[in-house]
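Dear colleague,

Please find below the sequence and the structure that I am handing over to you. My notes on what was found follow directly after.

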Amino acid sequence: MDDLKSFDIKFIKGVGEKRAQLFNRLGIFSLDDLVHYYPRKYQDWSETTTVAEAQNGDTVTIKTTMITPIKKAIIRKGLTLFKCNFSDGDNIIHVTIFNNKYLADSLRTFDDYILYGKLEKKFTDASMSSPQIEKNDSAIGIHPIYPSTERLNSKAIAKVVKAALDKVEHFEDTLSDELLQRYDLCSLDFAIRQIHFPSEQKNIAIARKRLIFEELLTLQLGLLKLKTKKSADNGYIIEKDFSGEFYKLLPFEPTSAQKRAVNDCLKDMKSSHAMNRLVQGDVGSGKTAVAAALMYTVIKNGYQAAMMAPTEILAFQHFESLTELFKDTDLRIALLTGSTKPKEKKEIKKALLEGEIDLIIGTHALIQNDVEFSDLALVITDEQHRFGVEQRATLAMKSKSPHLLVMSATPIPRTLGLIIYGDLDISVIDELPAGRKPIRTDVVDSSYHERIYNFIKKNVDSGAQAYIVCSLVDEGESDLISAKEYAEKLSKTAFKGYNLGLLHGKLKAKEKDNVMNAFSRGDVQVLVATTVIEVGVDVPNATIMLIENADRFGLSQLHQLRGRVGRGSEKSYCILVSDNKSRTSQDRLAIMKETNDGFKIADYDLRARGPGDFFGKRQHGLPNLVIADMLEDMETVRVCQACAQEMLKEDISLSNYPLLKKQINDMFRKVNN
């Protein structure tokens, strides 16, 4: 069969028009979708045993004969029991079937059956509750268990998969014999047939190895081709390095990690291709200083630089700090945001076009059609996950192949970053500046509220400020108290007489900025907020953060929130409140208490929740993986990355791998769209 993708699922034996709709809900539309809908686990019925040989509590496969008719008992409304006895030739097994009239009606006394389930043994008695019961010996083997729905069970899916496999004479291989041999991989035909209906247990691992390798290789090839596509010729070769001169402007000695990141970027900017790099660092690791070193060098080489921040207040903060840093230099700096006055905007745009501004800092206002540059060589986006790819690309298009630097404070384990940011080169700042104090973190339950409020008031009375974080905005969203309701309650009780502010995502941008500005000035002493402050301005005077219902947040999100305090010289505190007594929840929050290292926290969070939850349902813009696991198969990721690089080096168009090329296009089509 030539094209499995065009073969509609409804034409496979046992499906039809109506059943096809049930398969469609599982994302299965074609024969190709079906054969790549892999089992989630297996039941091994291949080895039969007897009651005498089995241990109490074992899950077993037993050949039996039904020796008594069904007895029906209605226990209560909605619960009917069907009881009967089977024999393995030597011992009797008492079987109870719950609420399955169809199965009970199909059983016949003195017929032979295979029972599969948990065997309970007590003295001379043996019993099984709701075992799986099959009529003949063909059931003996390894059974695939598929993700299913109420109206389409695993057994029905397996039957259709078998019919589909019977229609395909042979699955043509996507990989060469040389690659199969080098990486000890089985053929694609063997892998697909054995992943669904393994003839023996060891074949599951053999099939999985091949299919995982192919999926990750396809992903890596796609990402590398994407990176190649983005590797435009360098229109702005930065010949002279001014980073040493820049370091003298800093009031501190940069860390070796910061210098390493700067050197990575300068190496890119001196090469034949424009830089396309991510600088990833934990909260407070000094990413802005790295960006500033690059801006300084680019400008000293005679070009312009632009920095885009996700909010006006963050853009203003960058403008203020960089203006202060460059005050003794001849750099010309400007700020452009949505609230810049029309007359000033016009002047700034004119100056940019005429090359009278060296460095522009701003928000989305920078990507408006009428903003043009004289010689833009470097584009920097801060907190890159807050911008869409299109927004970054629009700013980059305002010049001929400028260097692109994206910065992120979201800690992601480096190995995972290789996949997520596969179209970017990565530099990691894995070192905090000297003198930065760790934030003391405590985990308590709600019975501590009065003590916490008193602690906050004591510090606020001494001139400090505090954040109180809630997970919801409006009343009625769940049983949790909302930010609005909580702020009102606190203003009338524990914090009566104090200046409280309220910040949440449903406020307009201008209202958010007004609240944050008031907090930055110190006019607001306690800020009640939702996670909208996860990425925000530095308020060095804020030394306490209280996070309510902390178990409802991801650990990486908690770490980002915690990073809002500890920005000044005073000792800072983060208090996590949770009444969730589950072991899992307690263990997760204990990690926050144990370490301030965002990468360790991200790694734990990733292992606990998996990549899908870690990045949301769409895995951070990546194609969805069907069989590979970003964590468990990380070694295969590395192997596939090396393999992909070698393949593209020898054959950039993959002309020798037409099926693999088609597979890459199919995998990335949805993402590109």
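Predicted model: local features only at pLDDT ≥ 70, side-chain atom pairs only at ≥ 80, totals over all residues.

Seven strands make up an open sheet with parallel pairing, in the order β14-β15-β13-β16-β17-β12-β18. Strands here (E, at least two residues) and helices (H or I, at least four) are DSSP runs, numbered from the N terminus, and two strands pair if DSSP finds at least two bridges between them. The edges are formed by β14 (333–336) and β18 (425–429), each of which pairs on one side only. From one strand to the next, the twist averages 20°; angles run from 0 to 180 degrees between N-to-C directions, and axes are lines fitted to C-alpha atoms, for helices over the stretch in contact.

Residues are numbered from 1 along each chain as its sequence is written, and side-chain values use heavy atoms, with hydrogens and water left out.

Q280 stands opposite V428 in β18. Helix α9 lies across β12, β17 (403–408) and β18, at about 160° to β18. Helix α10 packs on the sheet as well, touching β12, β13 (304–308), β15 (359–362), β16 (376–381), β17 and β18, and its direction makes about 170° with that of β16. Contact means heavy atoms within 4.5 Å.

These two helices also meet each other. The axes of α9 (residues 256–270) and α10 (residues 287–300) come within 9 Å and cross at roughly 35°. The crossing of α9 past α10 is right-handed, a crossing being right-handed if the near helix is turned clockwise from the far one by less than a right angle, and left-handed if anticlockwise. On the α9 side the contact involves Q258, A261, V262, C265, L266 and M269, which meet A289, V290, A293, L294, T297 and V298 of α10. By class, this contact has 10 nonpolar, two polar and no charged residues; Ala, Val, Leu, Ile, Met, Phe, Trp, Tyr, Cys and Pro count as nonpolar, Asp, Glu, Lys and Arg as charged, and the others, Gly among them, as polar.

A further open sheet has six strands, paired in parallel in the order β19-β24-β23-β20-β22-β21. Its edge strands are β19 (440–444) and β21 (500–503), each pairing on one side only. Neighbouring strands of this sheet are turned by 15° against each other on average, direction ignored. Strand β20 (residues 465–469) is joined to the parallel strand β22 (residues 526–529) by four bridges, and A466 has V526 as its bridge partner in β22. Helix α15 (residues 449–461) packs on the sheet, touching β19, β20, β22, β23 (542–547) and β24 (573–577), with its direction at about 165° to that of β23. Helix α16 (residues 483–492) packs on the sheet too and touches β20, β21, β22 and β23; its direction makes about 175° with that of β21.

Another helix pair is α18 (residues 555–562) and α19 (residues 583–594), whose axes are 11 Å apart and which pack at an angle of about 35°. α18 passes α19 in a right-handed crossing. L555, L558, H559 and R562 of α18 make the contact with R588, L589, I591 and M592 of α19. Its classes are five nonpolar, one polar and two charged residues.

Strand β3 (residues 59–66) has several partners. With strand β2 (residues 48–49) it runs parallel, joined by two bridges, and T49 has I62 as its bridge partner in β3. With strand β7 (residues 112–118), β3 pairs in the antiparallel sense over seven bridges; the partner of T61 in β7 is Y116. Two bridges also join β3 to the antiparallel strand β5 (residues 79–87), where M66 stands opposite F86.

Finally, a search of the whole structure finds one cavity of 30 Å³ or more. A cavity is a set of points, on a 1 Å grid over the protein atoms alone, where a 1.4 Å probe fits but cannot get out, and lining residues have an atom within 4 Å of a point. Grid points are joined across faces, edges and corners, and a volume is the space filled by probe spheres set on the points. The largest cavity has a volume of about 30 Å³ and is lined by K437, P438, G566, G568, E570, K571 and S572. By class, this lining has one nonpolar, three polar and three charged residues.

With kind regards

Conventions
1 Å grid on protein atoms, 1.4 Å probe; cavity = no way out; pocket = protein on both sides within 12 Å on 5 of 7 lines; lining within 4 Å.
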